[in-house]
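Colleague: I want to learn to read packing from a model. Can we work through one together?

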Amino acid sequence: MAFDEKKFNEILDEFKVDDERLREIAASFRQDLILGLKDPEQSSMRMLKSYVGLPTGKETGEFLALDFGGTNVRVSKIKLAGAGRFEVLKRTGKPLIVPGEYDYICKDSTAEQMFDFIAGLIEEAVDGDRETTFYLGHTFSFPSEQTDLYNAKLIIWTKEFATPGVEGKVVNDLLKEALERRGMKNVKPVAVINDTVAVLLSAAYQHDETYIGSIYATGHNTCYIEPSVHDEKCVGRGGMILNLESGGFMKLAPNKYDSEYDKHSEKVGEQRLEKMVSGRYMGELFSMTLAELLNETGKHYGFTSVDMSGIIGDGIDDLSKAKAIVKEKTGHELDDSDLEKVRRLASAIVIRSARLVAACFIGIIWQRAGKEKVKPQHIAVDGSVYEKMPLAKENIEKALLTVFEEDATGIRTILDNGGSGLGAAIAAAMAVN
Ligand code: BGC
């Protein structure tokens, strides 16, 4: 079949963010940030306090790090050696869902089952040791309201998690209870942080001039260190890190696919930016647009962002991989001209995503600089989309260059792989030292 050219171009247009729009979105993001600094109620972002500032880099000791933020839960034992050095002594991990075997993130599971499973992983990480005291830092990557570094209440599940009995609860209490049920009172949760905060802590532990931390993966969110926020319960230097929950930013216009997807999602009306940019959703948007081109509107093909990355490929002309993926998911065997369009479609969705993520970074950089010249700095990013999705990183950088021009050479996004675990260990060290 040959795709309808007009329809194809209309779809591409829906995903276009030109330079002017990029600047407008960045400005509107900054405006929302300013509103939130005065009163979080006024912002579309939650702007959550983390009760932690930047580390000194001198934090030392052995800590457990629990990284709970997506379908894979990981527990590590990490030795911080100071001067930005560390060693991972042990690492374990398991998914919270294995289709056909178990599923701890669905409506039919319970908070106890979920946290008992996690306590089991912690038991593995300490080799069943029930004597030694272990301080644990917990990276919990969902919007949580904190009153200090230990105490974080889950406000709302995101990323399509649906386990009942966790929303509204202090997650470290649920974890502690599960550890107690397992006879592991020797493991003491002392800090809970968002994964963006973990990435920022981890990058700042190792590099100077890092003020922004972001996750660009299944979910999306950004945090930054805000010098004007202080609290006596906050540990660390430079002010307080604010977890923006920028995935909730909604002062930007969704297109018809975004709106349609949102209507059928777990949390309608929530996480509007996240649903436009993150790995959990890009495949769904791609499915919807392709269904339109294939005259099968409404059909769910189940494309994932990994499929999209295979379809976009490395830019060379060979379309055989794209052909196989499209055939497997849709049943259609497309010719090269249509496959080329499929690739452009997937690319357009990724490029929009990267430019929207960049707009958030630009808004924060403008805000931090105020009237001063923008400083050279690192933006620490972790996540599979940033790391592996073709076109993602390069389009973030292109957008930074468009806006900051020659200053952009001093602004670098850096991959902070594994930062969620390391950051949790650093937060634990900051809590007990
Ligand atoms: C959550 C954030 C988290 C992000 C990345 C979002 O769905 O709301 O708290 O930082 O995913 O994991």
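Colleague: In which hand does α1 pass α11?

Modeller: First, the ground rules. This is a predicted model, where local features need pLDDT of at least 70, side-chain atom pairs count only at pLDDT 80 or more, and totals for chains, interfaces and linings use all residues. Residues are numbered from 1 along each chain as its sequence is written, and side-chain values use heavy atoms, with hydrogens and water left out.

Modeller: Now the crossing. A left-handed one has the near helix turned anticlockwise from the far one by less than a right angle; clockwise is right-handed. α1 passes α11 in a left-handed crossing.

Colleague: At what angle do the axes of α1 and α11 cross?

Modeller: Two packed helices are described by the angle between their axes and the distance between the axes. Axes are lines fitted to C-alpha atoms, for helices over the stretch in contact, and angles run from 0 to 180 degrees between N-to-C directions. Helices (H or I, at least four residues) and strands (E, at least two) are DSSP runs, numbered from the N terminus. Here α1 (residues 5-14) and α11 (residues 336-369) cross at roughly 15°, their axes coming within 10 Å. That makes α1 roughly parallel to α11 (angles under 35 degrees; over 145 is roughly antiparallel, 65 to 115 roughly perpendicular, the rest oblique).

Colleague: Which residues of α1 meet α11?

Modeller: Contact means heavy atoms within 4.5 Å. Glu5, Phe8, Ile11 and Leu12 of α1 meet Lys341, Arg344, Leu345 and Ala348 of α11. The contact has 5 nonpolar, no polar and 3 charged residues. Ala, Val, Leu, Ile, Met, Phe, Trp, Tyr, Cys and Pro count as nonpolar, Asp, Glu, Lys and Arg as charged, and the others, Gly among them, as polar.

Colleague: What is the strand order in the open sheet of 6 strands?

Modeller: Strands of a sheet pair through backbone hydrogen bonds, either parallel or antiparallel. Pairing requires at least two DSSP bridges between two strands. The order is β1-β13-β12-β11-β14-β15, with mixed pairing. β1 (48-49) and β15 (411-415) are the edge strands, each pairing on one side only. α11 packs on this sheet, touching β11, β12, β14 (377-382) and β15, and its direction makes about 160° with that of β11.

Colleague: How many bridges join β11 to β12?

Modeller: 5 bridges join β11 (residues 210-216) to β12 (residues 220-226), and the two run antiparallel. Serine 214 stands opposite threonine 222 in β12.

Colleague: And the open sheet of 5 strands: what is its order?

Modeller: β4-β3-β2-β7-β10, again with mixed pairing. Helix α14 (residues 419-432) lies across β2, β3, β4, β7 and β10, running at about 130° to β2.
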